[in-house]
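Take the structure below and follow it region by region. Keep the sequence at hand while reading.

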Amino acid sequence: MENLKLLYTGKTKNVYALPNGNCLLLFKDDCTGKDGVFDPGENSVGLTIEGVGDVNLRMSIYYFEKINAAGIRTHYVNADLANTTMEVLPAKVFGKGLEVICRRKAVGSFLRRYRDYCVEGQDLPYYVETTFKNDELGDPLVTKDGLVDLGVMTAQQYDSLKAQTQAITKIVADDLAAKGLELYDIKFEFGYDPEGNVMLIDEVASGNMRVYKDGQYVDPMTLNKLFFA
């Protein structure tokens with residue numbers, strides 16, 4: 001890494017520039033959490049767990065290869081498990097960063113917001129919502145109209161993002177179901193290439209998904225053990 005230009009230092013990954021124009025993601029063992037407890041929903045690094053960068057990379061490789069094989073555009077090129085790195089295509093983020101959540105069940109923040117209209121665990125038809133990445137504002141929700149009117153993306157890009165989100169979620173959900181696990185919701189990040197084509201970026205790992213087994217929530221670290229058993 002010492003010979004590569006550091007582009008960005010993230011909470012769980014660093015981003016470097018490669019000579020071929022691509023980027024290199026270094027997966028770290030730092031985890032988001034609070035008071036030493038791992039929590040993927042937290043906005044700050046709370047602890048370090050040895051080996052978590054490795055399992056996040058392994059799961060990301062597994063799913064990126066499945067998603068690419070399905071003909072869905074991602075930034076994934078290849079990975080080096082020995083150095084816990086992933087080579088990716090360069091991509092611009094939407095605005096200052098956008099998170100996309102696909103929900104199959106009413107739980108978490110969705111249930112808290114809309115509990116007058118649903119019950120816990122109620123089926124949702126691959127419901128897609130978008131939030132701006134902003135820790136201070138608590139990652140505020142934003143609609144398609146908001147994204148378009150604010151110049152963050154075009155209507156066509158939003159439609160592509162939504163369709164890709166639902167298709168990718170189904171790939172992950174079907175795969176987990178084959179392992180006896182049920183996906184309730186999952187969080188993605190998307191960017192776009194120089195031609196404006198939307199593509200999946202960042203990672204697809206246990207810390208970005210809410211998974212249940214036999215009706216009981218499976219925490220991300222336990223999910224890693226079940227996934228790679």
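The paragraphs below go through strands, loops, a helix residue, aromatic rings and cysteines.

This is a predicted model, in which local features need pLDDT of at least 70 and side-chain atom pairs count only at pLDDT 80 or more, while totals for chains, interfaces and linings use all residues. Residues are numbered from 1 along each chain as its sequence is written, and side-chain values use heavy atoms, with hydrogens and water left out.

Helices and strands here are DSSP runs, numbered from the N terminus; a helix (H or I) has at least four residues and a strand (E) at least two. Two strands pair if DSSP finds at least two bridges between them. Begin with strand E1 (residues 5–9) and strand E2 (residues 13–17), which pair in the antiparallel sense over four bridges. Three residues link E1 to E2 in a hairpin. Within this pairing, Lys5 has Ala17 in E2 as its bridge partner.

A second hairpin is made by E13 and E14, with five residues between them. Strand E13 (residues 182–192) pairs with E14 in the antiparallel sense, again over four bridges. Opposite Met199 in E14 stands Gly191. In the turn, Gly196 has a positive phi of about 90°.

Which way do the side chains of strand E14 (residues 198–201) point? Val198 and Leu200 point one way, Met199 and Ile201 point the other way, and all are buried. Buried means under 20% relative accessible area, exposed means over 50%, and partly exposed lies in between (1.4 Å probe, protein chains only). In a regular strand the side chains alternate between the two faces of the sheet.

Gln157 is placed in helix H4 (residues 155–178), and its side chain reaches the backbone oxygen of Gly196 at 3.0 Å. Contact means heavy atoms within 4.5 Å. Not counting residues up to four places away in sequence, Gln157 touches Phe94, Tyr192, Gly196 and Val198. Gln157 counts as buried because its relative accessibility is 14%.

Now turn to two loops. Gly97 is in the loop between strand E9 (92–93) and strand E10 (98–105), and Lys133 is in the loop between strand E11 (123–132) and strand E12 (141–142). Gly97 is buried, with a relative accessible area of 5%, whereas Lys133, at 35%, counts as partly exposed. Leaving aside neighbours within four places in sequence, Gly97 is in contact with Thr131, Phe132 and Lys133. By the same rule, the contacts of Lys133 include Lys96, Gly97, Leu98 and Asp139. Lys133 and Lys96 are 37 residues apart along the chain, and their C-alpha atoms are separated by 7.0 Å. Gly97 and Asn83 are 14 residues apart in sequence, and 27 Å apart in space, C-alpha to C-alpha.

Lys133 also has a polar contact of 3.1 Å, side chain to side chain, with Glu189. A polar contact is a pair of N or O atoms within 3.5 Å; within protein, one must be able to donate a hydrogen and the other to accept it, and residues adjacent in sequence count only if both atoms are side-chain atoms.

Next come the aromatic rings. A pair of aromatic rings is described by the distance of the centres and the angle of the planes. Rings of Phe, Tyr and Trp (its six-membered ring) pair if their centres lie within 6.5 Å; planes under 30 degrees apart count as stacked, over 60 as edge-to-face and the rest as tilted. The structure holds eleven aromatic pairs. In one of them, the rings of Tyr62 and Tyr63 have centres 5.0 Å apart and planes at 80°, so the pair is edge-to-face. Tyr62 is partly exposed at 27% relative accessibility, whereas Tyr63 is buried at 0%. Tyr62 also pairs with Phe227, with centres 5.2 Å apart and planes at 85°, so this pair is edge-to-face. Tyr62 lies in helix H1 (residues 52–69) and Phe227 in helix H5 (residues 220–227), so the pair ties together parts that are 165 residues apart in sequence. Tyr62, Tyr63, Phe227 and Phe228 form one aromatic cluster.

Phe227 has a charge over its ring as well: the charged end of Lys179 sits 4.8 Å from the ring centre. A charge sits over a ring if NZ of Lys or CZ of Arg is within 6 Å of the ring centre and within 35 degrees of the ring normal.

Last, why are there zero disulfides? A disulfide is a pair of cysteine sulfur atoms within 2.5 Å. The sulfur of Cys102 is 16 Å from the closest cysteine sulfur, in Cys118, which is too far for a bond. Cys102 is buried, with a relative accessible area of 0%, and Cys118 is buried at 11%.
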